[in-house]
2 protein chains.
Amino acid sequence: MPRNRRPRQREEKREEIVSAARILFLERGYEEVSLARIASAAGVTSTTIYWYFTDKDELLVAVLDVVLAESLQRWTDLAELDLADKLVWVTAELKGMGRLVDTVHNRRLSSRAVDTWHENFHSMADALTRAELPADMPTTDAEAHCQIITFVVEGLLTHDHDPATARSIIDTLVQGIVRSQ
Amino acid sequence: MPRNRRPRQREEKREEIVSAARILFLERGYEEVSLARIASAAGVTSTTIYWYFTDKDELLVAVLDVVLAESLQRWTDLAELDLADKLVWVTAELKGMGRLVDTVHNRRLSSRAVDTWHENFHSMADALTRAELPADMPTTDAEAHCQIITFVVEGLLTHDHDPATARSIIDTLVQGIVRSQ
DNA sequence: ACCTGAACACCGTTCAAGT
DNA sequence: ACCTGAACACCGTTCAAGT
């Protein structure tokens, strides 16, 4: 089926570029890695990247999408844990991702694509967090707690502490929520 | 007194560069503003900036220092407010500063100077926050609450919400702390 | 001591040209 | 459709030269 082969190859080349970018972005940081460096790691020329992505920011979004999808998949296995354990898991799972968080916050102001991804990410994180809170919690309180949880997780990711401190911060946070009921 | 005149002029020129950089960094963002643009706003050549600062990051640090010093000065007038009101004031005072917060987090990974400033900032913010918590609060709890407060304030600064939502988030946060006693 | 203009190495991006 | 090499406009930074 020749109709299938081309799209397939295109998809593979695209994934090679994304996975090269992913490794380098996580290792050295978005602004530190040139498209030329990514291209050579993916076995193409830097201009070739523009055949697959409109610009560097859209390549970043593609990387964010795969990273998020993988984490989201693992999140599903956590159903039986309580809130504190889930939050500890998230900070551990996304450890070493602090650079990407900073980059998203930074590029969002210059790139529509990154800004949109960021907005979508937060609505998703919000919905996921909301589901962890007691169903009978008043909406206003729940929304505030969601924001606080998100901010604390982002803070933990971007400021890295040792696991014990992180655990203590999360416990304190969760106790405040539980006690509010 | 000719011994005084030169240092004075040097100080003035330096301040002109810093204040030009400050305006532009806040308006358009650090990475969006070239040294050439700052230089022309300050009435010099871009290479002249290197006579006063070793690189662009050190100019950023100089801007951060004056902005922080001014905010710190105003902070002193708040002695009689309670914690929630102080936090609301901080988020309002530093409104429009979100860009700088993102930039610091971003550049800290590439610049020793920015990283050091960031560390100092957090020890200072920590000490200031600690002083707002009840003196009889156990150290571990107090440290955790300090981190949570800092993360929430940073989150509010970098994700801007309308004042009412910010107020509600801060109230919820402070209630959790008060109830923990 | 202070400031400049020219130059350097690099960057993301564009484009005409190839297959 | 896909990929390239050459070129563009810009960037932070360096440096030899001026005052």
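Author: What follows sets the terms against their definitions.

Author: This is a predicted model: local features need pLDDT of at least 70, side-chain atom pairs count only at pLDDT 80 or more, and totals for chains, interfaces and linings use all residues. Residues are numbered from 1 along each chain as its sequence is written, chains are lettered from A and ligands numbered from 1 in the order in which they are written, and side-chain values use heavy atoms, with hydrogens and water left out.

Reader: What makes a residue count as near a strand?

Author: One of its heavy atoms must lie within 4 Å of the strand. Around DNA strand C there are 16 residues, and A:Thr47, A:Tyr50, A:Lys56, B:Thr48 and B:Tyr52 come nearest. Of the atoms of DNA strand C within 4 Å of the protein, sugar and phosphate make up 67%.

Reader: Why is the pair between A:Lys56 and a phosphate oxygen of DNA strand C a polar contact?

Author: A polar side-chain atom of A:Lys56 lies 2.8 Å from the phosphate oxygen, so the pair qualifies. For B:Trp51, a polar side-chain atom is 3.2 Å from a phosphate oxygen of DNA strand C. A:Leu35 uses a polar backbone atom, at 3.0 Å.

Reader: Which residues are buried in helix H2 of chain A?

Author: Buried means under 20% relative accessible area (1.4 Å probe, protein chains only). In H2 (residues 35–42), A:Leu35, A:Ile38, A:Ala39 and A:Ala42 are buried.

Reader: How do you know that they share a side of H2(A)?

Author: The arc is taken from the directions from the helix axis to the C-beta atoms. They cover only 100 degrees, so they lie on the same side of H2(A).

Technical notes:
Polar contact = N/O pair within 3.5 Å; in protein donor to acceptor, adjacent residues only side chain to side chain. Buried < 20%, exposed > 50% of the residue type's maximum accessible area, 1.4 Å probe, protein only. Helix = DSSP H or I, 4+ residues; strand = E, 2+ residues; numbered from the N terminus.
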